[in-house]
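Here is a predicted model.

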Amino acid sequence: MKTHTIATFLLACGGAVLACTPSPHADAARTSAQSGADPEITAFIGRIRAVDNHSHVNSVAPGDSDQDALPLEVILPFEVPVQLRPDNPDWLAAYKAIYKYPHADMSDAHMDELRGTMQRIAKEQGDTFPAWVLDQVGTEVLLTNRVAKGPGLAPPRFRWVSYVDALMLPLSTRAEAATSPDREKLFPLEDRLLQRYMSNLKVAKCPATLDAYLKMVVTPTLEAQQKGGCVAVKFEAAFLRSLDFEEVSAATASKIYSKYAAAGEPSHADYKALQDFLFRYIAREAGRLRMAVHLHSFNGPGNFFRAAGADPLLLESAFNDPTLRQTNFVIVHGGGIYASHAGAMLWKPNVCLDISAMTLLYTPPKLAEVLRDWLTQYPEKVLFGSDAAAFGPDKGWELAAWIATKNGRAALALALTDMIRDGEVSRARAEEIATMVMRTNAGTLYKLDLK
Ligand SMILES: [Zn+2]
């Protein structure tokens, strides 16, 4: 998930942040989170160097604008959950951890001092700033979901995940964009990204036939991304349509493409059929090129997001396609409210999931409950992730990475503690599972050469 410039949003909304007294129930949960986790397993998890499956980090290029294909500034303002609001004490804790912020408040004078520290460290570190951040948060390798790579984000510590929704949208998107006020803002960004991909290939306009479009635009773009070091391609399709990518024949898709390639507005049914075909084509090509396919599945964000369309069960038909079994799929954000549905998809041999965004939006006890179910069933298919991104002024990606990594480790410790106490796993097996989730599952999936 991507939620940026939250501070701007809060100002735009009148800064209506509720200052509530914690309920006794919340106190109980917090006490359990603090005292509930086994200290040894907590310490063990704290030492694991993480592989972070999902983030949108900034490069060190001034004014970097490639960190997201659908930057959510365009659909602001919308209300964000409490955990992402500027007064969440986690931000203060992150300032202390990353920048050695010595104060217990965020007064104007102290924040000015902090900004000075941030600028000094960014300047001192230069191109090594992103890697310096990884050292602060205990992450060895971070996958960064960006339109393009950028300075400071080189392998082996940074691995690129590209965006491919634009390739699914070669026809006019005007009618699709009219289906919600958010989509009206988002579809033009996909149009522009397809233009960028085509101009990289020196293709001036969409070819007349689907076959030519696949050969001249889709496959060469994916091949170029793979050559550029891409380890996975990402679909943010849930922002634009529902995730039910059905099987559609090449003949049907070709007919639709040819009819509208030059001009005209396809009907929703026609465009959906073409997109369904292209989704499976792209996923098959990604598999051939040894790139995983990441899929956004979460109940948000935005004022008009359609949560029902982001249910991972909608992907089952694609997951069951025998021609896609060479492709590894990752349900990014674990399905959110559909976490158990995401868990059901783990039966598929080529499907796994990550806990990104949940690590920012869920408390450790809540995330521990979700994790427990998955870890009991398929511990080799659960990946740690942060969804670290810049969340506005004074809320850079490095702070979100620290918060999410802290929460993720705490939740994992709680879940594994419960599993040890219930006699479900031995301490040794719990440590093995912790290592798998925090690093080696991703290491195996992406064939990373971990230290
Ligand atoms: Zn994301």
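Q: What makes Tyr-99, Phe-129 and Trp-132 one aromatic cluster?
A: Rings of Phe, Tyr and Trp pair if their centres lie within 6.5 Å. Tyr-99, Phe-129 and Trp-132 are grouped as one aromatic cluster.

Q: How many aromatic pairs does the structure hold?
A: The count is 11 aromatic pairs.

Q: Why is the pair of Phe-235 and Phe-245 called tilted?
A: The centres of Phe-235 and Phe-245 are 6.4 Å apart, with 45 degrees between the planes. Under 30 degrees would count as stacked and over 60 as edge-to-face, so the rest are tilted. Phe-235 lies in strand β5 and Phe-245 in the loop between β5 and α10, so the pair ties together parts 10 residues apart in sequence.

Q: Why is the pair of Phe-245 and Phe-279 called stacked?
A: The planes of Phe-245 and Phe-279 are at 5 degrees and the ring centres 3.7 Å apart, so the pair is stacked. The cut-off for stacked is under 30 degrees. Phe-279 lies in helix α11 and Phe-245 in the loop between β5 and α10, so this pair ties together parts 34 residues apart in sequence. Phe-245 and Phe-279 are both buried.

Q: What places Lys-366 over the face of Tyr-362?
A: Lys-366 is at 4.1 Å from the ring centre of Tyr-362 and lies over its face. The distance cut-off is 6 Å. Lys-381 lies over the face of Tyr-378, at 5.1 Å from the ring centre.

Q: What makes His-54, His-56 and Asp-387 donors of the zinc ion?
A: They coordinate zinc at 2.0 to 2.3 Å. The cut-off for donors is within 2.8 Å.

How values were computed. Residues numbered from 1 in each chain as written. Predicted model: local features only at pLDDT ≥ 70, side-chain atom pairs only at ≥ 80, totals over all residues. Heavy atoms only, no water. Donors = N, O, S within 2.8 Å, 3.2 Å for Na, K, Ca; no water. Phe/Tyr/Trp six-rings, centres within 6.5 Å; stacked < 30°, edge-to-face > 60°. Helix = DSSP H or I, 4+ residues; strand = E, 2+ residues; numbered from the N terminus. Buried < 20%, exposed > 50% of the residue type's maximum accessible area, 1.4 Å probe, protein only. Lys NZ or Arg CZ within 6 Å of the ring centre and 35° of its normal.
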